[in-house]
Amino acid sequence: MKKIFFATVFLLAAGASAYEPIVLQAKDFSLATGNPSLQMWQKDAAVVPVWSLSGGQLGQSVVATTPPLPADCGGVKIELLVVNNEKTANDTFTDVYRVDVAELVPGVPVKTTSGKPVMNRLAPQPWTLRGLEIESYVVVQGGAPLTLRVRREPGDRSDTYDRPSGLVQVRVTPLAAPPKAFKVEDRPGYNSWPMMQSIGDKLVCTYSRGSGHTIDEGIRDAYARTSTDGGRTWTPEVCFAKDPGVGEVMIGKGTDLNGAALFWVRCFGKPKAHHDLYRTTDGVTFEKIAEPELSPFPMQITDIFHVDGKLMALWFATRYREGEDDNHWGTLTSEDNGRTWKQTTMELVRQKAELPTEPCVVNLGGGRLLGLARTENGGDSLASQFQLTSLDNGVTWKKTRTNIRDVLASSPSLIYDRETGLVYNYYYERGRHVVKCRVAKADAIFDHPFDWPLPQPVLIGDEKRPHDAGNVNAVEMNGHHYLTYYSGTDKDTAVYVAPGLK
């Protein structure tokens, strides 16, 4: 056993870094709250210092301070090394941890990033080291020390192991800042909720602008710009939806069967709320081709995809209130290239936490459709994106939770690469300022929604409030990925575009 503990190198396959990791041993931590204890756990000849964190007592935490980080790093990844020493420990149990991070910059008020609860499965056998990624990317200023408060959360419903776990090490890896995005629109106002589609070699980015995070003000109109150099420069703004009685908001995009770009616009206001579908072949001239009568009335109709010569999109209906019976989701199908649509309800959801919102779907072929959707709930380790799968081209669907839990109202945007069989899930972790991506083999993940690989940071936002950023929308053009999102303050946000991982 001694060989296992002291010859094991604490490396997790979560991406390389140009910086040396900072490894904090159990002895480097001190008591923060509660009554965890620094103990020596022994197995045969091996003696391992650990902080014993209870599986029954709430409020236990330990704290340590790192040396100053490299001045030019932009974020950190945080991993724990944990072990269980009792015979009852096996992989039928899970435990939950979180790490609060405070950056100690001289002359600046302490900035704290509160940790999110992360569920992990125990090892199959006791005395097996577990390397756990708790934070994939926490934005930091660089050049200053960090204090790390490590907590086990036995009060979380996913912490099912009521015996102690031992904290052996914490590994902090400095990471470079992702590249900066290009601004599409930043004039005064709430430029937000962008949707982007490609037409040939041209990106068409659509967005709306109002006075704040509102959807029904008449001054909120829909605009478009185009780019032929990958988002570096943009043509002048075109306003294509301007009704003073409603607020126009971009809610979905796609293409018709001829390759023209399609954009769904939600119109909230008077005399009635409705959804308009616009078609464009150049990103400058837009034609309204549909205004379907729908019941239940969708809060949003999402990205359009193709199924057997038809157009399809998912929709959801909600008022974002708990305990109401007006939460639905389902499909819209068009057999005439977007002119008319048939609505089908898949599920009436009694609890808001079980409603998949703002979904995105890709067609894998052979009748298989793979989708992800955001969740409107949070606060514990079970809050995750939903996975939606169909084996019959969208006639029936299966809904499951996933292990994608680093989310806060994080809308997924998917790209499927048929050549490699990879599916890319882009999403924005609001409040953490990070655009992330998880890449998986579509065939492997289709029936295993809890096996999504760890995320990679792609871009950084600058929002002051969590909901003043987000809604990543991704598109493929000529073998490359391009992303759009918004970020800013409660009054002024900007729309950005940047390359993705490919």
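A residue counts as buried when its relative accessible area is under 20%. This cut-off is applied here to a predicted model.

Cys-437 has a relative accessibility of 0% and therefore counts as buried. Cys-205 is buried too, with a relative accessible area of 0%. For Cys-205, the nearest cysteine sulfur belongs to Cys-239 and is 15 Å away. For Cys-437, the nearest cysteine sulfur is that of Cys-360, at 12 Å. A disulfide requires two cysteine sulfur atoms within 2.5 Å. By this rule, the count of disulfides is zero.

Burial also marks strand S20, which spans residues 274-280. Six of its seven residues are buried, so the strand is largely enclosed by the rest of the structure.

Strand S20 pairs with strand S19, which covers residues 261-269. The two strands run antiparallel and are joined by seven bridges. Within this pairing, Trp-264 stands opposite Leu-277 of S20. A hairpin of four residues links S19 to S20.

Strand S20 also pairs with strand S21, residues 287-290. Tyr-278 has Lys-288 in S21 as its bridge partner. S20 and S21 form a hairpin as well, with six residues between them. In that turn, Gly-283 has a positive phi of about 75°.

Note on methods: Residues are numbered from 1 along each chain as its sequence is written. This is a predicted model: local features need pLDDT of at least 70, side-chain atom pairs count only at pLDDT 80 or more; totals for chains, interfaces and linings use all residues. Side-chain values use heavy atoms; hydrogens and water are left out. Buried means under 20% relative accessible area, exposed over 50%, partly exposed in between (1.4 Å probe, protein chains only). Two strands pair if DSSP finds at least two bridges between them.
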